[in-house]
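Please read these notes with the model open beside you.

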Amino acid sequence: MSEPEIVRFEVEGVVGIITVDYPPVNALGPGVREGIIASVDKGNADPAVKVMVLIGAGRSFIAGADIRMFGKPRPVYTRVSYDVLDESRKPIVAAIHGFALGGGLEHALACNYRVAVPSAKVGLPEVLIGIIPGGGGTQRLPRLIGPKAAMEMIVSGRHVPAEEAKVMGIIDAILPGVDLRHEAIDFARNIAAKRPLPRVRDRTDHVAQAKADPGLFDAMRKSIAKKARNQQAPYHAIASVEAAVAQPFDEGIKTEWRLFSELETSDEAKALRYAFFAEREVAKIPGAPKDFKPQSVKSAAVIGAGTMGGGIAMSFADVGIPVKVLEVARDALDRGMQRVRDNYATSVKRGSLSQTEMDARLARIQPVERYEDIGDADVVIEAVFERIDIKKDVFTKLDAVMKPGALLLTNSSAIDTDIMANVTKRPGDVAGAHFFAPANVMKLFEVVKGTKTSLETIVSAMKVGRDIGKISAVAGTCDGFAANRSRAPFVTEMMLMLEEGALPEQIDKVMVAFGYPIGPFAVSDMSGLDISYDTRKRRAAADPNFRKLHVPDRLVEMGRKGQKTGAGWYRYEKGDRTPHPDEVVKSVIADVAREFGIAQRTFTDDEILRRLLYASVNEACKILEEGRAYRASDIDVMWLHGFGYPRYRGGLMFWADGIGTKEVYRQVAEWHERYGARWKPSALLKALAESGTPFREAKPKVAM
Ligand code: 3HC
């Protein structure tokens, strides 16, 4: 059998059909643009053809340029496919299903008409990978829907649903989508004779209107200042749309290409491309049976109606999955349900959720008091108090009532998954499902593989995470698993640097400048200093060598537990969440330093940054070395979605690769000499440095 053509041209009556068939998502890989050009030429040359349809085979129209090709040499095109569509003498209809993104939507915009099925989505998401549209998107879209709406779409990169795109003027008609090919052919026949041909490039109405509003672009720049901090692409996108208003079309296209080219190999674009592929890689489970395809869960149960349990239940209800919340004590169940109602009500008040939607979501959450009531759920997530005896008891009960094949997940943040698995007769079906607070908001879903967890269970649990809109990542079972364990040394160092003379506000400033939305001390004030206080006390009792963190311990003992007590690392005015540096904290730090004879010194911003992040890079290497994570990029995904790490820096390990394994090792070894055991370099870090291997190529020594 011969290979299927990447782009096919067929004639049905008067309609020439151009089908892009380049799985999985019809990206504009090698041969696609050439195929489109050749097909349009054929259609124009064939007297029988009066009109053409551009359509995608498989699950999508066209998902955009092939992201793998960016930063690499590209073929030089003598003719540009967008121009060829634009200049066609016969009308062309883009028939959209699935996604028309980036270069995909740009091809559609160069057609004369656009039709779509109701489930289709369109967008120009290039800024999300650090570039701007380079196929005329910043010139055609403003002409079609106006510069303001175009900028909002391009700068956010959001996927716009077909119905909304129709209202905006991007889509001319919504077709039923039962058989898009035939429906598009019908549409094409109806418009075949219409002249003049509508061409987006010729539209002048919106651009003329925008000329009367010169402040539009500065206002847009101002509105993104906070979110787009340290980034170039969103600003280049605005400048390029500005060119659509200020310049004739062909000049604007040249400006767009110049701005696109400036970005293609920028650090920001490299990091964001890396993050895009890391998020896809993280879903791959080495050794998983290829023919195992988990079903989507249709029902769920959560044990425990505390803050975490309630948030988990909301995650299911939010995506339409019915969920039962079990709590044996009636009053605790009522309190939990009230908390869920209050959370939804806050969203309604803020305008991010309608009352009808709130009611629908609440109706999906059913409070229950007996284990017998949850036995038929496809997945159960235990989210009770972090005590081994309680958790063991829950799993014994679950083992008795849950139907065969149900997924049994535990939301512990530190307790070894094996302990719970071993009280059941089905340890292969048990895994960890570590949510991050608030569970209905945070994207990271850490799936924890116990010693006996089957790979089918891991694959199924990963799918549960994806079904509820999370990014799932696998970790091996150990104290803190992969995400929190890799971050713990960062937290230790931020506290210990205080003893040596740094201040919370200085450390926060450095990390915010690096790109975090909020500094780590301000975050600690939000989540509460008392949480880690209890864990530290437990660890200190178990380990005589545990390095005590005197400053936060004293603050908690003084009643400074963070925002909830009006003071923590910072001081807060009543009813206001703005952190104010506090002399009390300074004097606690000075007392501790004096008592323990620690010399005070000044820190450079660079030293603060390296000290926090290298500590975590070293721990991440230990995690990889022990086979508790599959790959360095999985750790990056965890940091991006669990800890607010700036996406345009790729991730912890990607950033460290920018410095190099040799230099990271040198510094870690030096700090090991100076500060002792906690900085002991990981064997993997040492090996990578000695062989000159980057972190992204690090291979765990043992399988998970
Ligand atoms: N280039 C190369 N590979 C791509 C790709 C692209 N544009 N889009 C998706 N893929 C690959 C993914 O890496 C994945 O590969 P894998 O199976 O080997 O891991 C596979 O296609 C399937 O992708 P997803 O797992 O993401 O599939 P989903 O169904 O969940 O999502 C999607 C589909 C919404 C299309 C999503 O893949 C996506 O957002 N893709 C990127 C879209 C984009 O950014 N387009 C703009 C590109 S830049 C551009 O067009 C420049 C132009 O202006 C000149």
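**Notes on the model**

1. Start with the loop between helix 7 (180–191) and helix 8 (205–211), where Pro196 lies. The peptide bond from Arg195 to Pro196 is cis, with omega near -5 degrees. Helices (H or I, at least four residues) and strands (E, at least two) are DSSP runs, numbered from the N terminus.

2. On the basis: this is a predicted model, in which local features need pLDDT of at least 70, side-chain atom pairs count only at pLDDT 80 or more, and totals for chains, interfaces and linings use all residues. Residues are numbered from 1 along each chain as its sequence is written, and side-chain values use heavy atoms, with hydrogens and water left out.

3. There is a cis peptide bond between Ala437 and Pro438 too, with omega about -10 degrees. Pro438 sits in the loop between strand 17 (430–435) and strand 18 (444–449).

4. Check Asn230. Its phi is near 70 degrees, a positive value in a residue other than glycine. Asn230 belongs to the loop between helix 9 (216–224) and helix 10.

5. Which residues come nearest to the ligand? They are Arg59, Gly103, Glu106, Glu126 and Arg280, out of 26 residues around it. A residue counts as near if one of its heavy atoms lies within 4 Å. By class, the shell has 14 nonpolar, 5 polar and 7 charged residues. Here Ala, Val, Leu, Ile, Met, Phe, Trp, Tyr, Cys and Pro are nonpolar, Asp, Glu, Lys and Arg charged, and the others, Gly among them, polar.

6. Where does the shell come from? Strand 5 (64–65), strand 7 (99–101), helix 3 (103–109) and helix 12 (267–281) each supply at least two residues. Helix 12 gives the most, with 3.

7. For Arg68, a polar side-chain atom lies 3.3 Å from an oxygen of the ligand. The cut-off for a polar contact is a pair of N or O atoms within 3.5 Å. Taken alone the ligand exposes 990 Å², and the protein buries 78% of that. Areas follow the Shrake-Rupley method with a 1.4 Å probe.

8. Now helix 4 (residues 137–145) and helix 10 (residues 233–246). Their axes come within 8 Å and cross at roughly 60 degrees. That makes helix 4 oblique to helix 10. Axes are lines fitted to C-alpha atoms over the stretch in contact, and angles run from 0 to 180 degrees between N-to-C directions. Under 35 degrees is roughly parallel, over 145 roughly antiparallel, 65 to 115 roughly perpendicular, and the rest oblique.

9. Finally, the axes of helix 25 (residues 605–625) and helix 26 (residues 632–642) come within 10 Å and cross at roughly 130 degrees. The two helices are therefore oblique to each other.

Note on methods. Polar contact = N/O pair within 3.5 Å; in protein donor to acceptor, adjacent residues only side chain to side chain.
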